[in-house]
Structure formats: structure tokens, C-alpha cells
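Please keep the sequence and the structure in view while reading.

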Amino acid sequence: MTYVIGPPCIDIKDASCVAECPVDCIYVGGRMLYIQPDECIDCGACEPACPVEAIYPEAFLPADFKAFTEANAGFFSLTGLGAPGGAKGLEALNEDHPLVASWPEPPPD
């Protein structure tokens, strides 16, 4: 099992979870953050740190968020990152998984 970041993170990217992750497996994309599933150690430290409740254990991901399991994993192959061994020192990418890239943008305030 791994943790998955879902759609509440889109266009928020608070990054409180990044500071809590002991293995640095949370990466910054264009519109949201992504968890590298091969690097995640399932410790759960990121979940309570997320102010928008976007992080779930894969087994408890809401049904309407299931596609985000693939979006998190697929982000790393689509961008060519693979499993770089930690996000520290990497710049944010201005790319997203197609599911996230096509997600409707919030209306202006």
C-alpha cells in the first residue's frame, strides 16, 4: 500500500506534507503534488499535515478519486523522473499527469 494525493490538492499545492515526509517522496508538479509510490514507506506522516485532506492511504481512497492512484504513479514515468530517490534539490516541474492537466480550473474569486 502507498499513499495517494487526490484532487483537493489541485491548484492548492500547500506543501505542508513535504516537510513531514521522512523519505522525501512528494514531488511538485504544475498543478498539484505527487507521491512517488516506490519511494513511499507508508508511514502516514504526510496525511495529517495536509490542510485540504487530499492525502489518503491507497486502500481508503474515495471511489471517485481512484484514478488518482494511476495519476500519482504515472506522473513519474510521463515526466521521465522515474524513482530519483527523493525530491530534495529537485525543482518543481511545470508538468502534470493528463488527468490533472485536464481537471477543470476553479472559477476566479
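## What covers helix 3

In this predicted model, the buried residues of helix 3 are covered by parts that include strand 1, strand 2, strand 3 and helix 4 (98-101). The residues of helix 3 that are buried are Phe68, Ala71, Asn72, Gly74, Phe75 and Phe76.

Helix 3 itself has twelve residues and spans 15 Å from its first C-alpha to its last, which is close to the 16 Å expected at 1.5 Å a residue. Just after helix 3 comes glycine 80, which takes a positive phi of about 80°.

## The nonpolar core

Which residues have the most contacts inside the largest nonpolar core? That core has 28 residues, and those with the most contacts inside it are Ile5, Ile26, Met32, Ile35, Cys46, Ile55 and Phe68. Two or more residues each are given to this core by strand 1 (3-5), strand 2 (26-28), strand 3 (33-35), strand 4 (55-57) and helix 3 (67-78), and the largest share, four residues, comes from helix 3.

## One salt bridge

The structure holds one salt bridge, formed by aspartate 11 and arginine 31, whose closest N and O atoms are 2.6 Å apart. Aspartate 11 lies in the loop between strand 1 and helix 1 (16-20), while arginine 31 lies in the loop between strand 2 and strand 3, so the pair ties together parts that are 20 residues apart in sequence.

Aspartate 11 is partly exposed, at a relative accessible area of 35%, whereas arginine 31 is buried, at 10%.

How values were computed: Residues numbered from 1 in each chain as written. Predicted model: local features only at pLDDT ≥ 70, side-chain atom pairs only at ≥ 80, totals over all residues. Heavy atoms only, no water. Core = buried A, V, L, I, M, F, W, Y, C linked by side-chain atoms within 4.5 Å. Buried < 20%, exposed > 50% of the residue type's maximum accessible area, 1.4 Å probe, protein only. Expected span 1.5 Å × (residues − 1). Contact = heavy atoms within 4.5 Å. Salt bridge = Lys/Arg side-chain N within 4 Å of Asp/Glu carboxyl O.
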